[in-house]
Amino acid sequence: MFDFLADASPLAVTLIMFSTMLVMMAIGAPLAWALMISGMLSAYLMFGTGGLDLLLSAAYSTMDNFILISLPLFILMGLILERSGITDDLFEMIYKVMGSIPGGLGVGTVFICAIIAAMAGVSGAATVSLGLIALPSMLKRGYEKKMVMGTIMAGGALGFLIPPSLLMIVYAFLSRDSVGKLFVAGIVPGLMLALIYILYILIRSWINPNMGPPVPQRERVTLSEKLSALRHMILPGILVITVLGCIMFGVTSPSEASAIGAGGALVIASLRGRMNRKVLLEVLLSTTRLTGMLIWIAIAAVFFSRVYMGLGAGMLVSDFIHDSNISPKMVIVLMLISLFLLGMFLDDFAIAFITVPIFVPIVTELGFDSIWFAILFVLSMQTAYLTPPFGYNLFYMRSVVPKHITIYDIYKASIPFILLQTLGLAIAFLFPEIVLWLPNKLFN
């Protein structure tokens with residue numbers, strides 16, 4: 001009665017499981033429930049009630065993983081720093097130091113986004129923070145609105161790539177790669193992408209000064225005031241260097257470094273006089289909610305993947321590759337295209353849980369470095385976050401822009417930066433040493 005899925009082809013199993021998941025999501029079910037129900041239905045139809053034992057196994061293996069300890073601690077670190085008002089101070093610093101340069105506030109916004117990425121590990125933190133702080137200030141000073149929005153959205157997406165990245169932690173959990181290696185591998189591509197954004201902003205502002213005019217002469221400050229403004233970099237700089245240094249030089253594991261980061265963030269917030277009982281309670285509750293959401297998604301997705309693999313559908317992609325005689329690099333290209341398309345509709349964590357268990361064994365079987373592919377995966381997710389119609393950073397931006405800016409304005413603002421991110425992805429694909437040079441230096 002329950003064994004018809006066992007006789008179904010891998011393609012039929014794939015269609016049944018993924019269509020069930022997508023229908024659940026279309027009717028408004030949370031991602032964790034969509035994955036869980038689809039997996040439970042398929043397991044029950046194939047194995048009967050015994051198939052549900054896979055759910056217990058998935059829950060145990062998910063929770064019994066030391067890597068996941070770093071998730072709530074890095075989230076806590078980012079939320080504390082966000083509540084401490086550090087974004088306001090950093091933008092004030094950039095305004096004073098770089099405001100006199102054409103496009104300088106845009107360049108500074110990218111710089112701030114990179115710093116926030118290194119403190120928070122997520123895309124939304126920088127996008128929303130700078131959407132509230134930098135967007136009105138830059139529009140007031142005559143910056144073109146599409147340039148401003150595109151810069152903030154693309155800069156915010158650097159949180160995927162610049163460590164500590166929550167997506168990299170989840171990826172490492174699924175692929176069994178070293179979190180430390182992934183963090184280190186993301187540094188050079190992250191800086192490269194930030195440099196691409198900066199060059200684009202400077203060139204566009206030089207060609208058309210109305211895109212990013214310098215601040216008026218009366219608002220410029222003296223050299224001593226610029227140097228004084230740099231003090232806002234000291235504490236966050238020390239924290240970021242400490243956390244990343246501990247990971248890069250093997251002083252601590254990433255999980256232990258996340259504890260140092262959370263503790264350091266508490267110290268910084270206290271020194272700034274921004275930490276009290278109310279703020280601490282808000283931060284802890286937000287951390288608990290975000291962590292709980294991610295853990296439920298993790299359990300459901302691991303269960304979904306195990307059922308999918310157990311039904312033999314995991315061999316579908318592998319068999320297709322072997323039978324079609326596609327070149328190994330073209331296989332990677334097709335994977336990246338599929339990730340890009342999925343990213344237009346699904347959350348990055350959902351895509352990771354669904355695709356990584358399928359793609360990574362194929363990547364290693366084809367002889368490619370799994371760390372290199374991990375960075376390509378993250379770059380694809382970073383690009384997808386800006387891609388209409390449902391890129392998440394588009395809607396983060398929509399939540400903070402003035403009412404006269406439409407969603408179509410936001411879509412248009414994202415297009416140049418999607419092309420720039422695609423350029424960065426192509427460079428990392430064609431020159432793997434850009435990704436692998438630093439981890440090979442430090443870990444080998």
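Leaving aside neighbours within four places in sequence, which residues is Thr 252 in contact with? They are Cys 246, Ile 247, Ala 257 and Ile 260, where contact means heavy atoms within 4.5 Å. This is a predicted model, in which local features need pLDDT of at least 70, side-chain atom pairs count only at pLDDT 80 or more, and totals for chains, interfaces and linings use all residues. Residues are numbered from 1 along each chain as its sequence is written, and side-chain values use heavy atoms, with hydrogens and water left out.

**Overall make-up**

- The protein has 21 helices and 0 strands. Helices (H or I, at least four residues) and strands (E, at least two) are DSSP runs, numbered from the N terminus.
- Of the 444 residues, 55% are buried. Buried means under 20% relative accessible area, exposed means over 50%, and partly exposed lies in between (1.4 Å probe, protein chains only).
- Accessible areas come from the Shrake-Rupley method with a 1.4 Å probe; for residues, only the protein chains shown count as cover.
- Take the contacts between residues at least 6 apart in sequence: 80% of them join residues at least 24 apart.

**Loop residues**

- Thr 252 sits in the loop between helix H12 (234-248) and helix H13 (254-271). Thr 252 counts as buried because its relative accessible area is 17%.
- Thr 252 and Gly 180 are 72 residues apart along the chain, and their C-alpha atoms are separated by 9.8 Å.
- Arg 176 lies in the loop between helix H9 (166-175) and H10. Its phi is near 65°, a positive value in a residue other than glycine.
- Arg 176 has a relative accessible area of 59%, so it is exposed.

**Packing of H18 and H20**

- Helix H18 (residues 370-384) packs with helix H20 (residues 407-430) at an angle of about 175°, and the axes are 10 Å apart. H18 is therefore roughly antiparallel to H20, a label for angles over 145 degrees, while under 35 is roughly parallel, 65 to 115 roughly perpendicular and the rest oblique.
- Axes are lines fitted to C-alpha atoms, for helices over the stretch in contact, and angles run from 0 to 180 degrees between N-to-C directions.
- Residues of H18 that meet H20 include Trp 372, Leu 376 and Gln 382. On the H20 side, Ile 418, Gln 421 and Phe 429 are among them.
- Gln 382, in helix H18, counts as buried because its relative accessibility is 0%.
- Beyond neighbours within four places in sequence, Gln 382 is in contact with Ala 157, Leu 158, Phe 160, Leu 161, Leu 193, Tyr 197 and Gln 421.

**Salt bridge**

- The whole structure holds 1 salt bridge, defined as a side-chain nitrogen of Lys or Arg within 4 Å of a carboxyl oxygen of Asp or Glu.
- The side chains of Asp 409 and Lys 145 form a salt bridge at 3.4 Å, N to O. The pair links distant parts of the chain, with Asp 409 in helix H20 and Lys 145 in helix H8 (residues 145-156), 264 residues apart.
- Asp 409 is buried because its relative accessible area is 11%. Lys 145, at 26% relative accessibility, counts as partly exposed.

**Nonpolar surface patch**

- Leu 195, Leu 199, Ile 203, Trp 206 and Ile 207 form a nonpolar patch on the surface, with about 590 Å² of accessible area together.
- Patches are made of residues with over 30% relative accessible area and no salt bridge: like charges are joined within 9 Å, nonpolar side chains (Val, Leu, Ile, Met, Phe, Trp, Tyr) within 5 Å.
- Leu 199 belongs to helix H10 (residues 179-207). At 43% relative accessibility, Leu 199 is partly exposed.
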